[in-house]
Amino acid sequence: ISGRYYLLSNQLDSAARAFLQAVEAGEKSNNIYVLARAYEDLASVLSRTGDFSTSNNYHNKAIAITKTSGDPRLLIILAVSLSNLSAGYMSMYEKTGNPNLLDSAGKAATQANTAAITAKDLKSLLESFHVMSRYHYYLKNYKLSSNYCDSIIMNHIPGFTNYNTHLAYQTKAEAAWKQQDLITAASLADSSQKYAALFNPQQEIISLELIYKLNKELNNTNKSLYAYERMILLKDSVLSLE
């Protein structure tokens, strides 16, 4: 509980220490449920710091022990761990361009999708759809990428999946742009910004950058200027918070 408190209050060092203590307690007591949760929570902290390699090691630890237990409570942890593992691989691919990491992201997302359906965990299911949409986007399978995004949008729950829906519209916009459909891409980027703002205004930055570039190409001067100015404003606010 203390680890979750520190994580939610963005005290990542304290959260990591608390979850390491939980790992130690789980190992000493041989409590598989506690240990699986501790591994996954620690992995979440590490991914927040950008250390996806170490984070994925702990995701894999959580996955390994959940697969050997018959405890039904571990089904959701398995789904969460697999979806987060796939997202970690995707983040590493986007930083390095290593095709092996893209392949790993796709495989983990496929497994996450199956686990999420079994566990009936919507968040993990949508995360797996997102990674699959990015996977096919990078493979230039734009129609299939867009189909996965549509699966996210169709399962939208106001206030609960705003972030997932924002990402889905963002990927659809990028796919439409790659296919030279600028008008559709600009409309989709607007939708991405809408749901980003509902989740957290700071998440608008990535959408605004796309809106700026697309409307600049479309010669929509006022719209591109608005997007640029708001993007700079939000970047300044993030820098001030940091």
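This is a predicted model: local features need pLDDT of at least 70, side-chain atom pairs count only at pLDDT 80 or more; totals for chains, interfaces and linings use all residues.
**Helix α3**

Helix α3 covers residues 32-48. Its 17 residues should span 24 Å at 1.5 Å a residue, and the end C-alpha atoms are 24 Å apart, which agrees. Buried positions in α3 are L35, A36, A38, Y39, E40, D41, L42, A43, S44, V45 and L46. These buried residues pack against α1 (2-8), α2 (12-29), α4 and α5 (74-96).

Two packed helices are described by the angle between their axes and the distance between the axes.

| Helix pair | Axes come within | Crossing angle |
|---|---|---|
| α3 and α4 | 8 Å | roughly 160 degrees |
| α4 and α5 | 9 Å | roughly 155 degrees |

Angles over 145 degrees count as roughly antiparallel. Helices α3 and α4 are therefore roughly antiparallel to each other, and α4 and α5 are therefore roughly antiparallel to each other. The crossing of α3 and α4 is left-handed, and the crossing of α4 and α5 is left-handed.

On the α3 side, the contact with α4 is made by I32, L35, A36, Y39, E40, L42, A43, L46 and S47. Helix α4 (residues 52-67) contributes F52, T54, S55, Y58, H59, K61, A62, I65 and T66. Sorted by class, this contact has 11 nonpolar, five polar and two charged residues.

Toward α5, the residues of α4 in contact are F52, S53, N56, H59, N60, A62, I63, T66 and K67. They meet L74, I77, L78, S81, L82, N84, L85, G88, Y89, S91, M92 and K95 of α5. The contact of α4 with α5 divides into 10 nonpolar, nine polar and two charged residues.

Is S124 buried or exposed? S124 lies in helix α7 (residues 122-138). Its relative accessible area is 3%, so S124 is buried, the cut-off being under 20%. Leaving aside residues up to four places away in sequence, S124 touches A79, V80, S83 and A116.

K140 sits in the loop between α7 and α8 (142-154). With a relative accessibility of 62%, K140 counts as exposed, because exposed means over 50%. K140 is 15 residues from N155 in sequence, and their C-alpha atoms are 24 Å apart in space.

Key
Residues are numbered from 1 along each chain as its sequence is written. Side-chain values use heavy atoms; hydrogens and water are left out. Axes are lines fitted to C-alpha atoms, for helices over the stretch in contact, and angles run from 0 to 180 degrees between N-to-C directions. Helices (H or I, at least four residues) and strands (E, at least two) are DSSP runs, numbered from the N terminus. Angles under 35 degrees count as roughly parallel, over 145 as roughly antiparallel, 65 to 115 as roughly perpendicular and the rest as oblique. A crossing is left-handed if the near helix is turned anticlockwise from the far one by less than a right angle, and right-handed if clockwise. Contact means heavy atoms within 4.5 Å. Ala, Val, Leu, Ile, Met, Phe, Trp, Tyr, Cys and Pro count as nonpolar, Asp, Glu, Lys and Arg as charged, and the others, Gly among them, as polar. The expected span of a helix is 1.5 Å times one less than its number of residues. Buried means under 20% relative accessible area, exposed over 50%, partly exposed in between (1.4 Å probe, protein chains only).
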